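Biologist: I would like to learn how to read a two-chain model. Can we take it feature by feature?

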Amino acid sequence: MKLSEVQNRLGLKLVTKITNLDRDVAGGYASDLLSWVMAHAKENDIWITIQSHQNIVAVASLLNLAAIIVAEGANIDDSTIQKAEQENIPIYSSDKSIYELCGILYNLLPGE
Amino acid sequence: MYLECPADLHVHTCLSPCASDEMIPINILNMADLLGTKILGICDHNSAGNVEAMLKLAQDYDILVIPGIEVQSVEEVHLLCLFENIDQVLELQEYVYGALPSIKNNPQYFGHQWLVDERGNILGEEDRMLVTSISLTVDEVAAKVHELQGIIIPAHVDRKHFSIIGQLGFIPDNLSIDAIEFSRAISPEDFKSNFKHLLNYPLITSSDAHSLQEMVYQKTCFLLKELSFKEILMALRGLEGRKVLIRD
């Protein structure tokens, strides 16, 4: 599924400006422990977290994740947004809980 | 020419709900004295409530007590924040208290948070929940500590949880820190071979003692001209022959 479609279906707010949204989302991943995400998330996953430190961008970039959703309205630092724009990693914000987002996303994406 | 000063920069008192009630100033200082510890960092979770009693009693010992707080940032990273004097640590405490969620501790589940005098007489109980994240980032805490001329050291970086590596994956280049701490759960040899990418930071290892028995872990040694906070800072920076060593 295209990232832009995931954005619409989940009602996400895009917080980065100059990032590429024309890419496919293969699956979803949820965790707040970045060391764990680095070891377990897969390429083209959309990652749902409440962690918003700028290191999330490096992790997403390293794994070539499709995008990051910062859930539950958690505050996102400007430094994180700037870094994401440099690295071309879209970041979305959502007031929904991680649980709700995962539930909706799970039903949207075809199972493996 | 240089004094060998065994150091443990991360010891909890009975203010930390997870620490044993025996962790009162007189017991901690007597234990440190028996072990030959010369530098003792007192770092309770998100509070410096028992630091004054520690400093007062330390005047009777040949031990330098370093006032500190183990801050838990919004990312759930534990950071040792150490200072030269009580005023600085109390200023950090005010900053931390302003960023704590307004949740009360429930001693039944988490343990008591005793405020005590030098001999362990109970002066009161802190009712803010201390073992939780404040709303400030690692970067904000580091900036505040340095503004107050303190030392900031990410704690137990080898652990999966509550460590900068576990929570954030790696140490961001732009984060200014003075050293890193590894825990007693890993041997110095294993730390050096498993965390090669962190060896460009000055290293310490501490007991993170929550009981007297745990204070026995003693592997960090500072080489200083005299026992002072300024000398410790010089040793962490490797200035003029001052050093920090890890014993195997």
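Predicted model: local features only at pLDDT ≥ 70, side-chain atom pairs only at ≥ 80, totals over all residues.

Modeller: Residues are numbered from 1 along each chain as its sequence is written, while chains are lettered from A and ligands numbered from 1 in the order in which they are written.

Biologist: How many helices and strands are there in chain A?

Modeller: Helices (H or I, at least four residues) and strands (E, at least two) are DSSP runs, numbered from the N terminus. Chain A has 5 helices and 5 strands. From the N terminus on, their order is α-β-β-α-β-α-β-α-β-α. Chain A is as compact as a globular protein of its length, because its radius of gyration is 12 Å, close to the 13 Å that the globule rule gives for 112 residues. The radius is taken over C-alpha atoms, and the rule is 2.2 Å times the number of residues to the power 0.38.

Biologist: And how many helices and strands does chain B come to?

Modeller: Chain B comes to 8 helices and 11 strands. Its radius of gyration is 17 Å, close to the 18 Å of the globule rule for 248 residues, so chain B too is as compact as a globular protein of that length. The C-alpha trace of chain B spans about 45 × 40 × 30 Å along its principal axes.

Biologist: What share of each chain counts as buried?

Modeller: Count neighbours. A residue is buried if 20 or more other C-beta atoms lie within 10 Å of its own, exposed if 12 or fewer, and partly exposed in between; C-beta atoms are placed from the backbone. In chain A, 37% of the 112 residues count as buried. In chain B, 47% of the 248 residues do.

Biologist: Which residues of α3(A) are buried, and what do they pack against?

Modeller: Contact means C-beta atoms, placed from the backbone, within 7 Å. Helix α3 of chain A covers residues 55-63, and its buried residues are Asn55(A), Ile56(A), Val57(A), Ala58(A), Val59(A) and Ala60(A). They pack against α2, β3, β4 and α4 of chain A, together with α6 (164-168) of chain B. After α3(A) comes Asn64(A), with a positive phi near 55°.

Biologist: At what angle do α1(A) and α5(A) pack?

Modeller: Axes are lines fitted to C-alpha atoms, for helices over the stretch in contact, and angles run from 0 to 180 degrees between N-to-C directions. Here α1 (residues 3-10) and α5 (residues 98-108) of chain A pack at about 130°, their axes 11 Å apart. That makes α1(A) oblique to α5(A). Angles under 35 degrees count as roughly parallel, over 145 as roughly antiparallel, 65 to 115 as roughly perpendicular and the rest as oblique. Val6(A), Arg9(A) and Leu10(A) of α1(A) meet Leu101(A), Ile104(A), Leu105(A) and Leu108(A) of α5(A).

Biologist: How many residues does each chain bring to the contact between them?

Modeller: Chain B brings 11 residues and chain A 10 residues. On the chain B side, α6(B) gives the most, with 4 residues.

Biologist: Last, is Gly36(B) buried or exposed?

Modeller: Gly36(B) is exposed, because 11 other C-beta atoms lie within 10 Å. Gly36(B) sits in the loop between α1 (25-35) and β2 (39-45) of chain B.

How values were computed
Contact = placed C-beta atoms within 7 Å.
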